[in-house]
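Grab a pencil and work through these exercises with the structure open beside you. Try each task before you read its solution.

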Amino acid sequence: MWEGLPFFLEVLVGGLLSGVMYSLVAIGFVLIYKSSGVFNFAQGTMLLFAALTFVSMTERQVNFWVAFSITLVMMVIMGIIIERTVMRPLANQSLLSLFMATVGLNYFLEGLAQGVWDSAVHGVDLGISNDPIFLIEKFPILGLDIIISQFDIAAALIAGSMILGLTLFFQYTRTGLSLRAVSDDHMAAMAVGIPLSRIWAIVWAVTGVICLIAGLLWGDRVSVSFTLTAAVLKGLPVILIGGLTSIPGAIVGGLIIGASEKLGEIYLAEIFGGQGIEHWWAYTTALIFLMIRPTGIFGEKEIERV
Amino acid sequence: MYYREAGRLVKSFAADRRMLPLMEDRFVTTLFVVVVMYGLVTWLASDYIFSAILIPMMVLGVATLGLNIATGYTGQLSLGTAGFMCFGAFAAFNLIFRLDWMYIPLAFFLAGLIAGLMGIIFGLPALRIKGFYLIVSTLAAQFFAEWVFNAYPWFLNYTSSGVVNLPPFHYKVFPFQELTPLNDAFWHSSRGRYLITLTITIALIVACKNMVRSSTGRNWMAVRDMDIAANVIGISVAKTKLMAFFVSTFYCGVAGAMYSYCYIGNLDFMIFNLRRSFLVMFMVIVGGLGSILGSFLGAIFVYGWPILVTRLGDAIFGGGTLDTAFVENNSKIVVGTIIIVLLIREPGGFAALWNTSKQKLRVWPFSK
Amino acid sequence: MSTETPILSIKNIEVLYSRVISALHGVSIEVQKGEIVSLLGANGSGKTTTCKAVSRLLEAERGEVSKGTIEYNGVDISAMSPYDMVKTGVVQVLEGRHIFGHLTVEENLLTGSFIRNADSASVKRDLDYVYSRFNRIKDRRKNLGGLCSGGEQQMVAMGRAMMAKPNLILLDEPSMGLAPQLIEEIFEIVKTLNEEDGVSFLVSEQNANIALKYAKTGYIIENGRVVLKGSAKELSESDSVKDMYMGGGAEDVSFSDVKYYHRRKPCMV
Ligand SMILES: Nc1ncnc2c1ncn2[C@@H]1O[C@H](COP(=O)(O)OP(=O)(O)OP(=O)(O)O)[C@@H](O)[C@H]1O
Ligand SMILES: [Mg+2]
């Protein structure tokens with residue numbers, strides 16, 4: 001057996017676990033894109049906003065669950081307001097202007113979040129242990145001598161159950177069915193009386209909730225500060241690989257990016273003789289996938305005609 | 001406003017194809033450029049006006065124009081503007097630093113070409129990937145630029161701080177300039193930098209204006225409006241897109257070189273980060289997609305707003321009361337709001353507002 | 001005109017797309033309760049636009065009714081949203097079916113019932129009822145909508161509309177791309193729905209033969225204007241209609257001659 005294998009597996013598993021979080025962020029993108037054709041660039045800042053609000057409250061001795069609920073309600077309201085004031089007046093506009101609107105929204109929220117709270121670096125403690133797990137001690141049968149972070153597993157579990165819940169929600173509820181109908185055919189959905197704006201409001205609210213969860217998990221891992229907005233840059237290659245419209249695509253894309261990022265950092269950085277390749281590496285991976293399949297792995301092929 | 005096109009007969013094709021068909025327009029523009037920009041401003045303005053207001057506005061205007069060529073005229077979204085500026089800045093530095101005989105105008109031109117080449121490389125995926133998916137490629141360019149100049153210190157001449165100072169002897173503009181008063185000390189001063197920036201900016205504006213009103217620009221717009229239809233009428237979509245990427249990134253490259261040499265006076269890859277790419281994109285949206293005038297209006301507004309707020313704050317509350325964080329957050333909120341409002345109310349940006357108000361002024365006060 | 005308020009009355013409307021493109025200029029149509037009215041016209045004459053003006057779907061295509069009024073049961077609908085229209089009982093079956101391709105047939109039908117907030121028992125009853133009317137799609141209930149044949153898709157689209165329990169269905173070109181036998185079958189279902197369930201229909205069609213066979217009154221629309229109106233019998237016997245829409249009565253008529261009804265003014269203003 002290749003002696004580097006355990007280490008390779010360790011890196012791979014670590015990458016896959018962090019990939020689950022990317023998937024969670026990516027699902028937020030997919031929901032909004034599916035239902036309204038908007039690529040929501042403001043999601044990174046929504047994440048920061050949620051995390052900052054939560055942290056600012058707990059730092060003022062507010063109880064964990066109270067702070068959580070207040071932030072939750074706030075994110076839902078924020079999603080609904082965004083839908084009302086920005087997205088609805090822009091319905092039926094070109095993809096480019098919709099995207100630019102979210103970029104503007106992103107800038108607005110950035111100023112607001114840091115204006116209302118502050119731009120300092122905060123820590124979050126969700127009370128999840130950070131100790132590593134030695135797999136060989138816990139599961140000797142596997143015979144693998146690798147170390148996995150306990151926090152990564154917990155975070156992946158939380159993100160994973162959130163993803164599962166969302167998938168079930170959209171598969172089996174009336175709202176979910178309406179959402180799928182809307183993403184299939186706007187006109188037909190309106191013709192049978194599905195209120196588009198209500199669906200959009202729900203989707204934006206759900207995205208707000210996703211941002212809260214992802215923001216807290218990410219905040220615990222790295223800290224709550226401006227760098228959290230980079231989440232959007234992590235999510236972007238993920239959904240482009242998976243295809244903008246597919247929830248399974250977002251999951252698979254997240255795993256691919258998570259794994260390739262960690263593996264690239266370890267194995268490719270030597271070749272390129274420099275650290276910090278993960279930024280452009282994720283995008284290059286996405287680019288390679290897109291060159292092979294221009295609309296992502298699970299993306300729907302658009303039919304073009306003059 | 002006091003003169004009209006009506007009743008003027010053009011008698012030759014050349015007269016019809018003039019950039020400014022009205023005699024008065026030509027007169028006013030020439031007067032403005034020669035007397036105001038080269039004359040009065042050069043003579044009277046202070047260092048602060050040059051280096052904190054005029055130069056950055058022009059440099060950013062050129063970068064905005066570059067992005068506008070790709071996004072506004074050709075419909076290709078790009079988030080890598082600052083990356084391409086970075087390529088341009090580093091190319092200019094290395095050309096000037098490594099080749100003793102190099103002159104600034106030539107170095108800037110070559111820097112533009114090198115950035116343009118990178119633009120073609122990162123634009124190649126555009127032939128296969130369409131629409132929104134393309135931003136991956138331009139973001140890859142952005143991150144690649146940030147990484148490569150960090151990872152390979154050769155480009156920085158191994159400067160340990162990561163920021164290279166640009167000494168006066170780099171500023172060679174024409175041969176034997178030491179024998180004249182316009183020596184390198186002059187070009188290194190803010191007035192000299194202003195003149196370099198102004199001249200290059202005017203040249204690039206004229207070039208762009210001519211491109212967009214000729215077949216090159218019409219092909220860009222055809223591809224933007226519907227590339228399949230453009231293909232059907234015989235426009236090579238691939239060539240047109242790559243051409244647009246090349247010209248766009250050429251402008252960004254030159255802007256990057258000017259950013260280092262004329263604006264901040266040193267070379268620092270940290271400045272050309274993703275935030276700057278976005279700032280340039282805001283300038284495009286605010287100014288107006290597909291408008292040369294708009295590119296500069298956007299640059300002036302987005303760059304000028306925080307300065308205006310700071311100055312107003314100083315004037316009202318006394319010097320230094322407004323802290324930078326407040327000004328920064330304020331301008332984020334204002335620019336963000338303006339972008340959204342413009343997209344909803346006037347997608348043509350400031351340029352369209354300018355045109356409608358010009359139209360209204362013509363008939364005012366007899367009609368609205 | 002009858003004394004009872006018509007279920008739908010379109011009064012001399014004009015429609016603009018994108019504020020400049022004029023698609024309709026002077027269309028007036030009445031549908032009485034329990035009636036099937038057919039709207040005939042060539043491609044691009046404005047049938048779809050008329051239907052969308054009633055269902056308020058125009059706005060999604062940047063269209064607007066710039067003049068004239070539309071009344072449903074005597075109430076002006078200009079302030080209503082597409083949602084309100086379905087809620088009050090007017091459903092459009094879109095031209096080209098527009099069923100949800102990634103949803104199963106049954107899910108497609110279910111989306112039609114959401115508007116009523118009905119409990120699952122009554123939804124179940126309605127499903128069974130729709131399947132009884134549209135036998136063909138019963139066996140396909142678990143198939144993806146996108147994989148159904150054109151005729152089945154038309155039935156799914158109509159069944160989906162019926163799930164909303166409408167009083168008036170705007171049926172836009174149901175015959176599009178279907179075999180003559182299937183068209184007959186679809187119109188038989190329309191007749192059943194009309195006679196047994198009391199649903200009124202405004203059917204837009206290019207196939208005048210079949211449309212006039214099932215309708216009570218008909219309107220002919222050309223270039224955004226109603227040019228002829230009459231009972232189905234009158235219309236199908238009219239020479240001009242025969243020449244233009246039914247494959248000819250008299251032989252060898254040149255087209256410039258048959259359009260003589262163009263000279264007539266729009267009939268009701
Ligand atoms: N969204 C739109 N924007 C601009 N013009 C439109 C739009 N939709 C339709 N039109 C124009 O309005 C006119 C009427 O179109 P409409 O679709 O109502 O015709 P139709 O009678 O349904 O034709 P067909 O039998 O082909 O379906 C046409 O000239 C068409 O070009
Ligand atoms: Mg039609």
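Predicted model: local features only at pLDDT ≥ 70, side-chain atom pairs only at ≥ 80, totals over all residues.

**Exercise 1.** Find the helix that holds Glu152(C), then decide whether this residue is buried or exposed.

*Solution.* Start with the secondary structure: Glu152(C) sits in helix α5 of chain C, residues 150-162. Helices here are DSSP runs of H or I with at least four residues, strands are runs of E with at least two, and both are numbered from the N terminus. Next, check the accessibility: at a relative accessible area of 12%, Glu152(C) is buried. (Buried is under 20% relative accessible area, exposed is over 50%, and partly exposed is in between, using a 1.4 Å probe and protein chains only.) Then look at the neighbours: leaving out residues up to four places away in sequence, Glu152(C) touches Ile137(C) and Arg140(C), where contact means heavy atoms within 4.5 Å.

Residues count from 1 along each chain as written, chains are lettered from A and ligands numbered from 1 in the order written, and side-chain values use heavy atoms, without hydrogens or water.

**Exercise 2.** Which protein donors hold the magnesium ion (ligand 2), and where do they sit in the chain?

*Solution.* The donors are OG1 of Thr48(C) and OE of Glu95(C), 1.8 to 2.2 Å from the ion. (Donors are N, O and S atoms within 2.8 Å of the metal, or 3.2 Å for Na, K and Ca; water is not among the atoms, so sites may look incomplete.) Now place them: Thr48(C) belongs to helix α1 of chain C, and Glu95(C) to the loop between β6 (90-93) and α3 (105-113), 47 residues apart. Thr48(C) is partly exposed at 21% relative accessibility, and Glu95(C) is partly exposed at 26%.

**Exercise 3.** How many residues does each chain bring to the contact between chain B and chain A, and how much area is buried?

*Solution.* Count first: chain B gives 42 residues and chain A gives 47. The buried area is about 4100 Å², with 79% from carbon and sulfur atoms. (Buried area is the accessible area, 1.4 Å probe, that two parts lose on being put together, summed over both.) On the chain B side, Phe132(B), Tyr133(B) and Trp147(B) lose the most area to chain A, together 18% of what that side buries.
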